[in-house]
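Colleague: I am new to this structure and would like a close look at a single part of it. Please take your time over the answer.

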Amino acid sequence: MTDAPEGNAPTEIEEPVPAARRREPTSTVGRGKAVTRTEAPATDRWTDGRTTIALADSLSQYESWETPGCIVSDGAYGVLGFEGDTSDHTGMPEWYEPHVAAWSRRATAQTVLWFWNSEIGWASVHPVLERHGWRYVNANIWDKGLGHIAGNVNTAKIRRFPVVSEVCVQYVFEPRINGKLLKHWLLEEWKRTGLPVREANRACGVADAAVRKYLDQGHLWYWMPPEKFQMMADYANEHGRPEGRPYFSQDGVAPMTGSDWALTRSPFNCPHGVTNVWQRPALRGDERIKANGTSGKAVHLNQKPLDLMHRIVSASTAPGSVVWEPFGGLFTASVAARRLGLRSFAAEIDPTYFHYGLERITQEACQDHLL
Ligand SMILES: C[S@@+](CC[C@H](N)C(=O)[O-])C[C@H]1O[C@@H](n2cnc3c(N)ncnc32)[C@H](O)[C@@H]1O
């Protein structure tokens, strides 16, 4: 989470780095804030219709944001990394609980969540996510490489391998129809028709995939292609017991179509050659937003690489998707969304970070105008 800051004389007030932390300059232990502004930001809300950012607790914002297609969470790490972060992972489930509950209230089957954290931080919050309906898909490892520790770690003292990674874990919001998991609902609907289960193969025009995959109730269950869903629903409504119609209907009035079914799965596009290990050095040089142009102090020690944010947002969105960034910092995910032509909603609770994040976003908007 925390990367070594760069830059020289700050023009703003610098907060002293506690000596205990100074001794471990290359670990992932949070070092607090490098810069604090005394003036209030020019505004506490900014929008141009594409990007909306607020100086606020995101908990107070969720209800006003549009339905999310993609949520990028980069909040507490349990390392006192920012004001309000917990001091270790044990406090994290409680810290995240109200956020996760709010995300679940607004998520749909199209919503993908990217949960950035340390390994132990993620492990401690995973049960909260599952309890609120988020289904684990994949853990991606950001490998910052040996350069991140620069050989400076006393392993005899810390008694572990030096940490150069973070995780970015992909979840989807578990889709349900009439309160049931898709695989349960599909089989129940088919059974309601009174037709033998094996006849589903004929309905879908497949040798045995309907029985072995689409209607399987275990780990072999396979999300069916929309055209197969359409065939199954058409067949059921034509040949099923008349008194039970409509079959495969969400509203009890009309059967779902293949296009309706397509919305029960979130978008995902994997660029060629990308795996779940992302070898990418920690931010350095001009990548970091500085308090006073390039000569200043790095503003936010937890600023994420724009290319990684771009990777996750582009992989999990479709044209028109809305991106949420509840723990904005310098709004890196919002910049990525913006460059992808997507709308986003973000909040940052700290006025200093918000000020610099606002500058970053308005510069992006200016460039769009120039183009
Ligand atoms: C890990 S940093 C995010 C860095 C960001 N991804 C970036 O690239 O700049 C977490 C940020 O969340 C902010 N934060 C913490 N709790 C918040 C809340 N309830 N609402 C809004 N922002 C919050 C912190 O002030 C901190 O700047």
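Which residue in β13 does C70 stand opposite?

Modeller: This is a predicted model, in which local features need pLDDT of at least 70 and side-chain atom pairs count only at pLDDT 80 or more, while totals for chains, interfaces and linings use all residues. Residues are numbered from 1 along each chain as its sequence is written. C70 stands opposite V323 in β13, and the two strands concerned, β5 (residues 70–73) and β13 (residues 322–325), run parallel and are joined by two bridges; strands here are DSSP runs of E with at least two residues, helices are runs of H or I with at least four, and both are numbered from the N terminus. Two strands count as paired if DSSP finds at least two bridges between them.

Both strands belong to an open sheet of nine strands with mixed pairing, ordered β3-β4-β14-β13-β5-β6-β8-β7-β11. At its edges stand β3 (45–47) and β11 (277–279), each with a single partner strand, so one side of each is left without a neighbour in the sheet. Neighbouring strands are turned by 15° against each other on average, direction ignored, where axes are lines fitted to C-alpha atoms, for helices over the stretch in contact, and angles run from 0 to 180 degrees between N-to-C directions. Helix α12 (residues 351–370) lies across β3, β4 (51–55) and β14 (343–348), running at about 160° to β4; contact means that the C-beta atoms of two residues, placed from the backbone, lie within 7 Å.
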